[in-house]
Amino acid sequence: MSHLRAALLAVAAALIVAGCDGDAPTTTGSILEGPRVWDVGVGADGLALEEWLSEHMLLPADTVSMTIMVSGLGESRLALGVRDDHDQQLVDPLSSEHSPNRTLSGIGVAASVIPSATASLPLAGNYRVRAVGVDGVAATGAAINQGLTISAWTKRSGRDSAAPEVQELPLHLVFVGASPKAGAHLAAAIAVVTEIWREAGIDVKVASRTRLAGANGTAMERIAVDPARGSDTPQVGALFKLSNEVPDGPGLCLFFVADIAAGPGLGIWALSGGIPVPPVRGTVRSGIVVNASLVEQDPARAGQVMAHEIGHALGLFHTTEGVFLETQKGAGRQPLHDQIDDSPACPRPADVNGDETLTARECRAFDAGNLMFWAAGPSARHLTPGQADIARRSSLAR
């Protein structure tokens, strides 16, 4: 390592250790209530019943977000449906990614945050929630309605329904097996994360550092991701379940492993357990896994990658997905966007070579410079006010 590089790392480490005192805004605070937990009921039609999120038929006036999680049924794919008190369907369980409040289904656990998109604002007074386990006949609306549990959290500002101006996000760093702590390199990477998110009103703090040793550490220090399953890969979920071994306290768990492989010659730098990561330990969605080798090789790039995955954990989708997806409106395969009004989007005509994949080069004039672009390069660090608003509503930040 050159003397100049070592000096730069030392400066970055000093900044993160000092916490950039005097520069960091102070959190305006928030209150997380819940979880309210209930088992899914079944109606006369054999489908899961819809139930009100609030038992008293009205959410508090200072509610800024709701986080909803469905769990159960082992390896079955789960989905959530959500309607507001005006009967507007925000999440269609059979088309959750194309819903006004975009939501992912998931194997074992699925989670949604309201709002994840502009169409969900302003918040309604209450919401009806339906959770279903969808199998191979999902197109017919068939659902498995045994063993499903819904958990719901309400985040309140203590003031009004606007997103708090500043929120603090505690990070719990977990070093898996023999993966290195990276010292000054990691401090430099965290400094980049802090800088990026501070601009969005999220004050990132390191709350704890833990070594996951023993048999679990050895088994999990190298993660093999199935590209077809992504965060639904069983080993990824098994790692996140070990978040129960992390010191208590609110925040987000980051697991640093020696390597993340996605097939011969393919690597992954980081992967979030979900969009969003629910505010609970011990689930298959409870964290982010980070390839520690990137931290050692390029701390600045590692910080930017970690900041991107933290965006997913806080509820942000890609501004534009790379591969065109089939729409639900009979319009064929189209680009899919995050549905936040002020975030840039790369349009279909930008696909100049017609391969139905939008690259950073093709989207340079649109959203390639946004932190949440699907293939964000090292310089992509920008977030819009709308994205920052959604992130500050996250149940992980206080």
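## Sheets, rings and a disulfide

At 1% relative accessibility, Phe-256 counts as buried, because the cut-off for buried is under 20%. This is a predicted model.

Which strand holds Phe-256? Phe-256 lies in strand E13, while Phe-175 lies in strand E10. The pair therefore ties together parts that are 81 residues apart in sequence. Phe-175 counts as buried too, at 0% relative accessibility.

How are the rings of Phe-175 and Phe-256 placed? They are stacked, 5.5 Å centre to centre, with 20 degrees between the planes. The count of aromatic pairs comes to three. Another one joins Phe-240 and Phe-255. Their ring centres are 5.8 Å apart and their planes stand at 50 degrees, so this pair is tilted. Phe-240 lies in helix H4 (residues 234-241) and Phe-255 in strand E13, so the pair ties together parts that are 15 residues apart in sequence. Phe-240 is buried, with a relative accessible area of 0%. Phe-255 is buried, also with a relative accessible area of 0%.

The table sets out these two pairs.

| Aromatic pair | Centre to centre | Angle between planes | Class |
|---|---|---|---|
| Phe-175 and Phe-256 | 5.5 Å | 20 degrees | stacked |
| Phe-240 and Phe-255 | 5.8 Å | 50 degrees | tilted |

Now to the sheet around E13. An open sheet of five strands runs in the order E11-E10-E13-E16-E15, with mixed pairing. Which strands stand at its edges? They are E11 (202-212) and E15 (270-272). Each has a single partner strand, so one side of each is left without a neighbour in the sheet. On average, neighbouring strands of this sheet are turned by 20 degrees against each other, direction ignored.

E10 (residues 167-176) and E13 (residues 252-257) run parallel and are joined by five bridges. His-172 has Cys-253 in E13 as its bridge partner. Cys-253 counts as buried, at 3% relative accessibility. A helix joins the picture here. Helix H2 (residues 184-198) packs on the sheet and touches E10, E11 and E13. The direction of H2 makes about 150 degrees with that of E11.

There is also an open sheet of four strands. Its order is E1-E9-E3-E7, and the pairing is antiparallel. Strands E1 (31-39) and E7 (109-114) stand at the edges. Each has a single partner strand, so one side of each lacks a neighbour in the sheet. E3 (residues 63-71) pairs with E7 over six bridges, in the antiparallel sense. Within E7, Ser-112 is the bridge partner of Ile-68.

A charge over a ring comes next. Arg-36 lies over the face of Trp-38, at 4.1 Å from the ring centre.

How many are found in the whole structure? The search finds one. Cys-346 and Cys-363 form it, with their sulfur atoms 2.1 Å apart. The torsion about their S-S bond is about -90 degrees, so the disulfide is left-handed. Both cysteines sit in the loop between strand E18 (333-334) and helix H7 (385-392), 17 residues apart. Are they buried or exposed? Cys-346 is buried, with a relative accessible area of 0%. Cys-363 is buried as well, with a relative accessible area of 0%.

Notes. Residues numbered from 1 in each chain as written. Predicted model: local features only at pLDDT ≥ 70, side-chain atom pairs only at ≥ 80, totals over all residues. Heavy atoms only, no water. Pairing = 2+ DSSP bridges. Helix = DSSP H or I, 4+ residues; strand = E, 2+ residues; numbered from the N terminus. Axes fitted to C-alpha atoms, helices over the stretch in contact; angles between N-to-C directions. Contact = heavy atoms within 4.5 Å. Phe/Tyr/Trp six-rings, centres within 6.5 Å; stacked < 30°, edge-to-face > 60°. Buried < 20%, exposed > 50% of the residue type's maximum accessible area, 1.4 Å probe, protein only. Lys NZ or Arg CZ within 6 Å of the ring centre and 35° of its normal. Disulfide = S-S within 2.5 Å.
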